[in-house]
Amino acid sequence: MVEQLIIAAIVLGAVAFIGRRLWLAIAAARAPKGGGCNSGCGCAPTSPAPKKSS
Amino acid sequence: MSTSFAPRSGAGVTIEASQRRIRVALVGNPNTGKSTLFNALTGMRQRVGNFAGVTVERVEGAMRGPNGEKVTIVDVPGCYALSPASPDEEIALGVLRGTGGEPMPDVVVVVADALHLERNLYLVSQVLELGLPTVIALNQVDAAAAAGVEVDAVALIHELGAPVVPTIATRGEGLDVLRKAMVSVLDLPLPVRPFGMSAEISDALAPLADELVVHGATPTVAAHDALRLLAVPRLESWFGDARTAIAPMVDEARIAIAAAALNPRSLEAELRYGWSSGVVSRTVINHNAGARTTSDKIDAVVLHRVWGPLLFIAVMVMVFQGIFTWATPAMDAVEWGVARIGDGVGALLPDGDLRGLLVDGVIGGVGSVLVFLPQIAMLFLFIGLLEDSGYMARAAYLMDRLMRRVGLHGKSFIPMISGFACAVPAIMATRTIEERKDRLATIMVVPLMSCSARLPVYTLLIGAFVPPVALLGGLFSLQGVTMLMMYLLGTVTALLVAAVFKRTLLRGPVRPMILEMPAYRLPNLRTTLTNVWHRAQMFLRRAGTVILSCSVILWALATYPKTDLPTGISEDRAHEMQLENSALGHVGKVIEPLVRPLGYDWKIGVSIAASFAAREVFVSTMGTIYGVGEADETSMALRERLRAEVNPATGGLRYSPLIAIGLMVFYVFALMCISTVAVTVREAGGGRIGWGWAVIQFLYMLGLAYFSALAVYQGGRLLGYQ
C-alpha cells in the first residue's frame, strides 16, 4: 500500500511538472518579443549567477 | 569603505556610494566584443561568438562599482547607427533612448573595435550627441596590435571629449579602469557633438530641432535627430502622434539642405565619416597599411570559388565523423555506468513496482538519453570552435549565392546554422534580418535544421542499424556519413522549402547581403569549453526534468493496469502481453494503423507520440518500453535490444535498417517541439498571425515527415529491401 502511494505521488508529480512546462510554453507564445528564450526549451543563454566584483 | 560624493543631478545631495545605483547601457557595432565584455564585467555567461548578430535581445547583469555602487549593465544587440533597420536594432535603440518602458541609462559604454575604428566612430559620434555620460571601451586592442594598428588613446580622448579605455575583454585587461570610468564619468561634463557644421546646415536644421524640442526632446537629442532624420525614410514609432507634425518639418529641412547644394539623404554620413576619417588620421598609426593580413591570406583559400565550398564540405564531414567516432569511447563508458547503476539499484530493492519504476522507468528512460551526452558535448565543441575562429561568417558568405538562388537573404544562414544547436534561439536570431518576409521565410525553415535534440535519435538508430563500415581507407565510416546525410537532408530541404515560401506566400525581392568578415583568431579554449559545459548542463537539466517526468509517466502507462498472465508462458511472452494490455499498449494500438504503412509497430508509434514533448523522449520511451518487465537481470544497451528484437508474428527481426532510415527521415522533418511552436508564434508577430504561421509550420513539417518516411519504407520495399 505504501509502495503504491509512493508510486502514485511520483507519477502525479511528473504529470504536474509536464503540465506546468506545457503551460509555460503556451504562455511564452503570448509573451512580448523582448521576452527572450524562456519558453521552457532549456536554451536560456545566460547564467543567473552574477559575479560581484569591486 | 564607502565614500560620499555629489551626483550631478542632485546638487548638494550626498549619497553613500554603496547605496548608489547606476544603469549602464553597453552598445556598439556588431562583433566588437560587447557580450564578452559584459560577461567579464558581470560574471554572466551570455552567448558570444566571432560573427555579427550573436546577441539579439537585451540582457541585464549586475556588478559592483569601484566604491561599491550597484551597477546594472544592459547588454544590447549590436548596431551600426542609431536608426533601426531590424528588430534586434530596435531593441538596442529602445534601451539607449529610454523608449518602450525602458528607463534611460545613466551611463553609456560604447564598445569600439580598435582594428576598425573609423567605422565604429560613426556610432560613437551619434551616441556622444545624445548628451549622456559616455565612456568608449576601445576593445580588441590586442588584435589591432597584431595587425600593426596602434591607437593613441590619449589623443582619442581629446578628439571625442569623453573617456577612452583600451580593453581586451577576452583576457579581462582594462576592466578595472573601465569600472572606475563608468562611475567617474558621471562627474565629467556631458559630451557634445564632436564635429562642427556650417552655418547654412545649422540654419536649415534649426526649425526641425525646435519642433522636436516642442515634442519633448532635449535640445541635444533634438539636434542629433534633426540631422539623423534627413536620411530616415519613415519616422520611427517612438515619435508617436508627433509624427504628423514632425514629418513636414523634416521635408522642409531636406528642401533647405538641397537648396544649399547638398544631398540631404547622405549629409549625415558625409559629415560623420568625414569627421571620423580625420580623427583616425590623427590618432591611429597603421604600420601595415596596404599589406595583406593573415585573415586575407586565409580567405584567399577559404573563400575561393572552388576550394571554399570543398573545404566547407570537408569541415562538415569531419564534424559529423568526429561526433560519431570520437565520442564513442565516452558514450560506451556512460552506457556502462548507467547499466551498472541500474543493476546496483535493482539488486538493492526488493522485487516490486517501485523497483520497476526506478530501474525501468527512471534509469532505463533517462539513462538511455544520458548516454548521448558525449555526442552533444562534441557537437557544441565543434560549433564553438567554428564560431570563435571566425569560420562561421565565411560559411555564411559561401552560402550567400545559394541562399539568394532560393530567395533567402544571406543573413538567414547564421540563424539556420544556429538551428543545429536549438531552433528556439535560432528563430530569435532571425531578428537580425531587416525584411519581414525574409525573416518569416527563415523562421519557417529553421526547425528543419537538425537540432541537438535529434542527435540521440540519430545516434541510437545509426548505432543499432548502420554497420561501422570503413570508407576511404578508414578515413570515414558509414555511420558518420549516414549522420552527415541526415543533417544535409534537413539543410537541403530547408532551402527548397524556403524557395517555395519565397515564391508563394512570402514573395519579395532578394536583397544583397553586406556581411562583416571578422578577423580569424585562435578559438578561446576557455570560452569554448565553458559553452560546452553550459550546453551539457542544459542537456542534463533537461534529462533530469522533462525526460525524467516523461519516463515516469510512460513507465506508469506501460505498467498499469496489471494483466493476469496465464501460467507456463515464457518471461519474454509475459513481458509482451503485459505491455500490450497496458494503457500504453492500448494507446499504441490506436496509433498503430497510422504508422503501420511506415513500417513501424505500436511501440515506435507511442514513442513518436510521446516525443512531441521533446524529441529525446523517443529514446527514453523506447528505453522504458524495453526495460519494463525485463526478463534478464543484466541491463542491456537499448541499441542492442532494438537490433535483437524479434517479431513474434514472423519469427524474424522486428526492426531493419530500412525502418531505421525511414524513422530518421521522419525525425529530420517532424516539428516535435512545443518550445519551437511557441517561439514561432511570438517571433512571427504573435496573436492570430503568429499562431497562423506556427500552424502552417507544424502541419507542413508533419506532412513532409510522414510522406517522406512512407516513401522511404515503401520505396525501399519495392526495391527489395526489408
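In the predicted model, Leu22(A), Ala25(A), Ile26(A), Ala28(A) and Ala29(A) of α1(A) meet Ile674(B), Ser675(B), Ala678(B), Val681(B) and Arg682(B) of α29(B). Contact requires C-beta atoms, placed from the backbone, within 7 Å. Helices (H or I, at least four residues) and strands (E, at least two) are DSSP runs, numbered from the N terminus. By class, this contact has eight nonpolar, one polar and one charged residues. Nonpolar covers Ala, Val, Leu, Ile, Met, Phe, Trp, Tyr, Cys and Pro; charged covers Asp, Glu, Lys and Arg; the others, Gly among them, are polar.

The axes of α1(A) (residues 2-30) and α29(B) (residues 674-683) come within 7 Å and cross at roughly 20 degrees. Axes are lines fitted to C-alpha atoms, for helices over the stretch in contact; angles run from 0 to 180 degrees between N-to-C directions. The two helices are therefore roughly parallel, a term for angles under 35 degrees.

In chain B, six strands form an open, mixed sheet, ordered β4-β5-β3-β6-β7-β9. Strands pair if DSSP finds at least two bridges between them. β4 (59-64) and β9 (164-166) stand at the edges, each with a single partner, so one side of each lacks a neighbour in the sheet. β4(B) pairs with β5(B) (residues 70-75) in the antiparallel sense over six bridges. Ala62(B) has Thr72(B) as its bridge partner in β5(B).

Residues are numbered from 1 along each chain as its sequence is written, and chains are lettered from A and ligands numbered from 1 in written order. Local features need pLDDT of at least 70, side-chain atom pairs count only at pLDDT 80 or more, and totals for chains, interfaces and linings use all residues.

Key: Parallel < 35°, antiparallel > 145°, perpendicular 65-115°, else oblique. Contact = placed C-beta atoms within 7 Å.
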